[in-house]
Amino acid sequence: MAAFSLDLDDDQIQLKDWLHGFAADVIRPAAEEWDEREETPWPIIQEAAKIGLYDLGFFANTFADPTGLSMAITCEELCWGDAGIAMALLGSTLAVSGIMANGTPEQQAEWVPQCFGTPDKIQLGAFGVSEPDAGSDVSSLRTRAVYDAATDEWVLNGTKTWITNGGIADVHVIVAAVDPELKARGHASFVIPPNTPGLRQGQKFKKMGIRASHTAEVILEDVRLPGSCLLGGKDKLDERLARAREGKSNKSQAAMATFEASRPLVGAQAIGIARAAYEYALEYAKERVQFGRPIIENQSIAFKLADMKTEIDAARLLVWRACWMGATRKPFLNGEGSMSKLKAGEVAVKATEEAIQILGGYGYVREYPVERWHRDSKIYTIFEGTSEIQRLVIARNVSGVHIK
Ligand SMILES: Cc1cc2nc3c(=O)[nH]c(=O)nc-3n(C[C@H](O)[C@H](O)[C@H](O)COP(=O)(O)OP(=O)(O)OC[C@H]3O[C@@H](n4cnc5c(N)ncnc54)[C@H](O)[C@@H]3O)c2cc1C
């Protein structure tokens, strides 16, 4: 088991430097263009694939770091470059997580590589849980999966919304209700292979931030899937449903543990944006002269920067602690995963707002990147569990009371 250390090892330092180089040289210079275009930045994904960054092997190695820190470093550095482009590079990992969490080894071997493709044929994955009437409350999914025993097929119908890479992905992982009466315990995950009839993109959303990341509805109309597309297989599902009907299953707790483990990485992304804004504002404050002196000589500006740095470092410590706990399989008894995402998301919103304030009018215009960073930061208090839901998880864990 890896001992906890805040000293990055040589591999982690090398990884950080390599990613920082890509973020500085490739991602950041392209950020404004893809924010304006509001399209998936295919050329950047291709460049990332060519250097082995948008690559299954890269993510597999990075996730395998026994300290848990390598993936946090990756998320922070990519988002320091640009969060929208970073999300275009990281979005497929959501589908991968869904397949890894529930799929059999055969299903993992078949579908995970197809979430990335090759440098010559880039592929994307998407993970769809959210629906128009089931956001924070994922237990109330309406998308139904019905088994057709005659053909050993599943038939899926429903609408998923806010799906990253939705409709443009090659592999969609969709969570659907198999037995709605069982709420979350009656859900199952399905892989929808490329070009499956009945799956189409609905509306593509025009967003406030992370605009290089594609977000759209996914419409499922009589999507017929072979039995082999049910992640985990039918025997396991039947067993789980039977246990749930007897009131024995704790599947929703297992799902909660998965969320707790993935949330710190979302927090790490938010820290990347916050750090970008802090560094930019610091340099600006040293150079901008008003009343005959650099504005940083005013406590009101310098203290903002002191608070930004303190908060960013505090958030990163929470993220790294939770990543380390996840990697070393420590139970998240106090909602430590949620704590890290909550803190990092809110720090990013605040730090980017303060950066705008430090730049004054220059902070408010699109010629400078800080207004974009502020727009990008806001999603981190919303997706992968809103700040309110993170507080709910933490409060329930620390109190043992089922707080509503
Ligand atoms: C850009 C983007 C990308 C996304 N990508 C994906 C994706 O790839 N896959 C996917 O499945 N989903 C995705 N989502 C969906 C995202 O996870 C949801 O938007 C989020 O979970 C919140 O759900 P909601 O929008 O329906 O808000 P609601 O659940 O309707 O919440 C509205 C407000 O009510 C509050 N609230 C709700 N319930 C409670 C409660 N019990 N206590 C206190 N407050 C409460 C919330 O905190 C929030 O402030 C994405 C969303 C966006 C915007």
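**View 1. The left-handed crossing of helices α10 and α11****.** In this predicted model, local features need pLDDT of at least 70 and side-chain atom pairs count only at pLDDT 80 or more, whereas totals for chains, interfaces and linings use all residues. Residues are numbered from 1 along each chain as its sequence is written. A crossing is called left-handed if the near helix is turned anticlockwise from the far one by less than a right angle, and right-handed if clockwise; helices (H or I, at least four residues) and strands (E, at least two) are DSSP runs numbered from the N terminus. The axes of α10 (residues 299-327) and α11 (residues 336-359) come within 9 Å and cross at roughly 160°, where axes are lines fitted to C-alpha atoms, for helices over the stretch in contact, and angles run from 0 to 180 degrees between N-to-C directions. That angle makes α10 roughly antiparallel to α11 (over 145 degrees; under 35 counts as roughly parallel, 65 to 115 as roughly perpendicular and the rest as oblique). Among the contacting residues are Ile301, Met308, Leu318 and Met325 of α10 and Met339, Val347, Ala351 and Ile358 of α11, contact meaning that C-beta atoms, placed from the backbone, lie within 7 Å. By class, the residues of this contact divide into 14 nonpolar, 2 polar and 7 charged, with Ala, Val, Leu, Ile, Met, Phe, Trp, Tyr, Cys and Pro counted as nonpolar, Asp, Glu, Lys and Arg as charged, and the others, Gly among them, as polar.

**View 2. Helix α11 against helix α14****.** The axes of α11 and α14 come within 9 Å and cross at roughly 150°, and the crossing is left-handed. Ser338, Met339, Lys341, Leu342, Gly345 and Glu346 of α11 meet Ser387, Gln390, Arg391, Val393 and Ile394 of α14, a set that divides into 4 nonpolar, 4 polar and 3 charged residues.

**View 3. The hairpin of β4 and β5****.** Strand β4 (residues 144-148) runs antiparallel to β5 (residues 153-164), to which 5 bridges join it; strands pair if DSSP finds at least two bridges between them. Valine 146 stands opposite valine 155 in β5, while aspartate 152 takes a positive phi near 50° in this hairpin, which has 4 residues between the strands.

**View 4. The packing of helices α1 and α4****.** Helix α1 (residues 10-37) packs on α4 (residues 69-81) at an angle of about 25°, with the axes 7 Å apart, and the two helices are therefore roughly parallel to each other. Their crossing is right-handed.

Notes:
Two residues are in contact if their C-beta atoms, placed from the backbone, lie within 7 Å.
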